[in-house]
Amino acid sequence: MFATTIAGSLPKPAWLAEPNRLWAPWRLSGDELAAAQRDATILALKLQEDSGIDVVTEGEQSRQHFVHGFLEEVDGIDFAHKVEMGIRADRYKAMVPVVTGALRLKGRVHAAEARTARAHTTHKLKLTLPGPMTIVDTIADQHYGDRVKMAMAFADALNEEARALVDDGVDVIQFDEPAFNVYMDDVKEWGIAALHRAIEGVTCTTAVHICYGYGIKANIDWKATLGGEWRQYEEIFPALAASKLTEVSVECIHSKVPPHLLSLLKGKDIQIGVIDVASDTIETPEDVAAAIETVLKHVAPERVIAGTNCGMAPMRRDIAIAKLDALGRGAALARQRFG
């Protein structure tokens, strides 16, 4: 009960990449970079295990960014001539690559880190992939001329990699879809259909992670405009409840999401964010247990998974490690109280 996991990413060691940054530049290159990424992956697993995390990830230690780490292995994308584009309905700007031709995988994307992780942990292993809608919202298009067509092409590429990850021994594949909180009509019209295409034939647990974004200024400023109640989830939860996905991951602690909305996800396992990634304040085990208790009024305890609101990639590493410890201890406390 109350199994623990993280949304996906952990900060990278300073010897691997520039700290406290998204899109952080690598410190190394070539074979040295590959070796350092492998070492960082093993270290990320150890940190999670030591903190009592039940479903571990490779910490996204081999990716500069959760979307572009996948796109780098897709043909039909020009990284040499990036353009500036508004992301998440122009919430912030980013320099993004351009789709210039038909999309197809060059080969395997995350085989090295998945196999490294599987070889170095006996825990359940989760690996994250960017969702089709979020990819479409994070890349410029000069080929398809249609967001849905491009999303389905990405879904086919994601499906190819997801099936291979199952063969690598991955137990949970999570698709990250922060764009689901921005384009709610599109979620219902084609976003979930694209995810269904991405999970076709995938035999492990499948999850979708929806949140209000990393703890960066653009996202924090946006949240300040959402009023006293954040009800974006309300528009999409019924459709997600009817979907083929096994699990839904959502932001909870220190958010203004009405907890009763979680009851709309009937039949799904729910990963609730009990660790705030937009604050350097380290939660106590009591804080985590209290956040779990809040959702138990609306979600059956056997459906609750305790996690983080979002990835921790841009955080200070010492703070992220302390938050991992709070997550593990807090879930253990909740098991004592409510199990």
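**Exercise 1: the largest pocket**

Task: state the volume of the largest pocket and describe its lining.

Solution. The largest pocket holds about 340 Å³ of space. A pocket is an open set of points on a 1 Å grid over the protein atoms alone, where a 1.4 Å probe fits, with protein on both sides within 12 Å along at least five of seven lines; lining residues have an atom within 4 Å of a point. A volume is the space filled by probe spheres set on the points, joined across faces, edges and corners.

The model is predicted: local features need pLDDT of at least 70 and side-chain atom pairs count only at pLDDT 80 or more, whereas totals for chains, interfaces and linings use all residues. Residues are numbered from 1 along each chain as its sequence is written, and side-chain values use heavy atoms, without hydrogens and water.

Next, the lining comprises 17 residues, with Gln 37, Ser 62, Val 109, Ala 112 and Glu 113 nearest the centre. By class, four are nonpolar, seven polar and six charged. The largest share, four residues, comes from α1.

**Exercise 2: Lys 244**

Task: determine whether Lys 244 is buried or exposed, and list its contacts.

Solution. Lys 244 lies in the loop between α8 (232–241) and β9 (247–250). Leaving aside neighbours within four places in sequence, Lys 244 is in contact (heavy atoms within 4.5 Å) with His 196, Ile 199, Thr 206 and Lys 268.

Terms used
Helices (H or I, at least four residues) and strands (E, at least two) are DSSP runs, numbered from the N terminus. Ala, Val, Leu, Ile, Met, Phe, Trp, Tyr, Cys and Pro count as nonpolar, Asp, Glu, Lys and Arg as charged, and the others, Gly among them, as polar.
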